[in-house]
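User: I would like to learn how to read salt bridges in a protein structure. Could you guide me through an example?

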Amino acid sequence: MAGLYEKPSETYAKKRPRYPKEWFSMLAGLTAGHQRAWDAGCGSGQAAISMAEHYESVVATDVSEGQLRNAIAHPRVRYAHTPEHLSEEELVALVGGEGSLDLIVVATSIHWFDIPLFYGVVNRALKKPGGVLAVWGYNYEIHPFEDALHGQLYAALRPYQDPRTRLAMERYRTLPFPFEPVGVGAEGAPADVDMEAEMTLEDLAGFVMTGSVVTTAREKGAGAEMEAVVRDVMKRVEGEWGDAPTVPRKLAFKAFMLAGRPNC
């Protein structure tokens, strides 16, 4: 998975929508303590720096060294590389030890994980009671351009899709989530949460072009074909944009979230 984000990592952080501050306030209200949190699969650190507004320290980890090199610095965030070969014992120790964490967040990346291994770490590292795990994601369901992006574009991307990304395309409805619900979705029924973003047409095109499936297509020698598809879709979006392409529009990413506590 790391390789999919190494090459576009410098632009990746600039092309992602920002997670709403209200999400982090809500999650902080669900945890008993506010000492230590973990952003797993942190990418550029967008979630980590928002978590740091509510927790005394945050450890943010990622398998991609390229993403970590371009992560956002914050005095209460410590970034750490997690090679794929790390064991459950090593991961528990890296994030602070048994029963050390108030909150664990996975922002748009749990579908890449070794999920049984990760859940083993979660159950050991979260405080009991009081600790919370929250996962969320989004895909190409972006209002008001769902038909072009999720319909036409996703259909064209499917041959290059890593099977693991289907969890995100299915809005985590098929993601195993064996945790006690806390009012933010439940296994098989994630909560719908909109994520608004002001974007120009160029911003939206950049979002599409920094996705893992485009990188996969390039690696398979289909980069030119993929870019032609993206151009066609973005031309359709431009026709529906309404304003000049350089004028930002408010878009709504139709995101989805699950949160829960370990079953004691």
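Predicted model: local features only at pLDDT ≥ 70, side-chain atom pairs only at ≥ 80, totals over all residues.

User: How many salt bridges does a search of the whole structure find?

Analyst: The general idea is to look for a side-chain nitrogen of Lys or Arg within 4 Å of a carboxyl oxygen of Asp or Glu. Here, the search of the whole structure finds ten salt bridges.

User: Which residue forms a salt bridge with Glu89, and where do the two lie?

Analyst: The partner of Glu89 is Arg124, with the closest N and O atoms 3.1 Å apart. Glu89 belongs to helix 6 and Arg124 to helix 7, so this pair links distant parts of the chain, 35 residues apart. Both residues also take part in a network of salt bridges that includes Glu88 and Glu98.

User: Is Glu89 buried or exposed?

Analyst: Exposure is judged from relative accessible area, with over 50% counting as exposed and under 20% as buried. Glu89 has 51% relative accessibility, so it counts as exposed.

User: What does the salt bridge of Asp102 and Lys127 tie together?

Analyst: Their side chains meet at 3.0 Å, N to O. Asp102 lies in the loop between helix 6 and strand 4, and Lys127 in the loop between helix 7 and strand 5, so the pair ties together parts 25 residues apart in sequence. Asp102 counts as buried, at 1% relative accessibility, whereas Lys127 is partly exposed, at 24%.

User: Where do Glu196 and Lys250 lie?

Analyst: Glu196 is in strand 8 and Lys250 in strand 9, so their pair ties together parts 54 residues apart in sequence. Their side chains meet in a salt bridge at 3.8 Å, N to O.

Notes: Residues numbered from 1 in each chain as written. Heavy atoms only, no water. Helix = DSSP H or I, 4+ residues; strand = E, 2+ residues; numbered from the N terminus. Buried < 20%, exposed > 50% of the residue type's maximum accessible area, 1.4 Å probe, protein only.
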